[in-house]
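Here's a quick tour for someone meeting this structure for the very first time. Have a look at it before reading on.

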Amino acid sequence: MGSVFCKLCCCCCYDDDDDDEKQPLVETPDPLEYFNREVQKRRDEEANLWSEPGDPSHSERDDDRALYALLQARNKTRMGSTGYRRLSVDIEAMRDTRREVRDKWRTILENLGFTAEADSLLTVSAGASLDRMRNAAAARSLLQTLHTETSLFSRRELPPERYLFILDRLLYLDIAEDFVAKARRFFPPRDNSDDEDEPSGAINLPLLLARVEAMKGGLNDDDSVESLEKP
């Protein structure tokens, strides 16, 4: 291997003192940097709970697109400013709504005896793919059932795709039907008068999207962000 490397260098350059000859042919990635990047990615996934975890652009769903745009806008806003704080409030409101849904699922899983396994069952990474699901059609049918026959999700939006992967796991474990039965019992559907009180109703997604589009137009300073908050 060493002789091959020497021949390659001789063919490329005849100067023994050339600094380029001393450089490695392939740059070795820093393992620590890679590890830190992966840890941060998982923390971001856990914090944001993307509705479409397999969409790296976060643009396929309105709610993901709004959250991603808010995060990008906050990154461009001076930390500690009024605009930064207002953006943080919107971001945390969306994250809280998603955590509330996940907590409902955890409650049911723990009631079924899966306390130790709940976190792993509810974790969906960015690498999740519909092509690798074992029971995609059955999982989608159950997700629709949960959407219409329970209050696990907001009626005003489509249920997050991330829960398809969780239902696929539950089907594999043969506990999906038990999960749906518990969901009907613990979180029955709300009547029309209760819809106004559901937690996810606190976020007016169309209004938020309109504000996001306005921010994309360059409204990123403190005054602009504040003006978007006014009714």
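This is a predicted model: local features need pLDDT of at least 70, side-chain atom pairs count only at pLDDT 80 or more; totals for chains, interfaces and linings use all residues.

Residues are numbered from 1 along each chain as its sequence is written, and side-chain values use heavy atoms, leaving out hydrogens and water.

The protein chain has a mean pLDDT of 80, with 72% of its residues at 70 or more. Helices here are DSSP runs (H or I, at least four residues), numbered from the N terminus. Among the elements, α8 has the highest mean pLDDT and helix α10 the lowest. Contact means heavy atoms within 4.5 Å, and the two stretches in the table have a few contacts beyond near neighbours in sequence.

| Stretch | pLDDT | Contacts beyond near neighbours in sequence |
|---|---|---|
| Residues 4-21 | below 50 | seven |
| Residues 193-197 | below 50 | three |

Now for the inside. Buried means under 20% relative accessible area, exposed over 50%, and partly exposed in between (1.4 Å probe, protein chains only). A nonpolar core is a set of buried Ala, Val, Leu, Ile, Met, Phe, Trp, Tyr and Cys residues joined through side-chain atoms within 4.5 Å. The largest one here has 27 residues, and W105, L146, L152, F153, L167, L170 and F179 have the most contacts inside it. Helices α4, α5, α6, α7 and α8 each supply at least two of its residues, with α7 giving the largest share, six. Another core of ten residues lies apart from it, including L67, L70, L71 and L87.

Take L152: leaving aside neighbours within four places in sequence, L152 touches V101, K104, W105, I108, L146, F179, A183 and F187.

Helix α6 has A139, L142, L143, T145, L146 and H147 as its buried residues. The cover over them includes α4, α7 and α8.

Is E161 buried or exposed? E161 sits in the loop between α6 and α7, and it counts as buried because its relative accessibility is 14%. Setting aside neighbours within four places in sequence, E161 is in contact with S51, E52, R61, L130 and R140.

Note on methods
pLDDT is the predictor's confidence in each residue, from 0 to 100.
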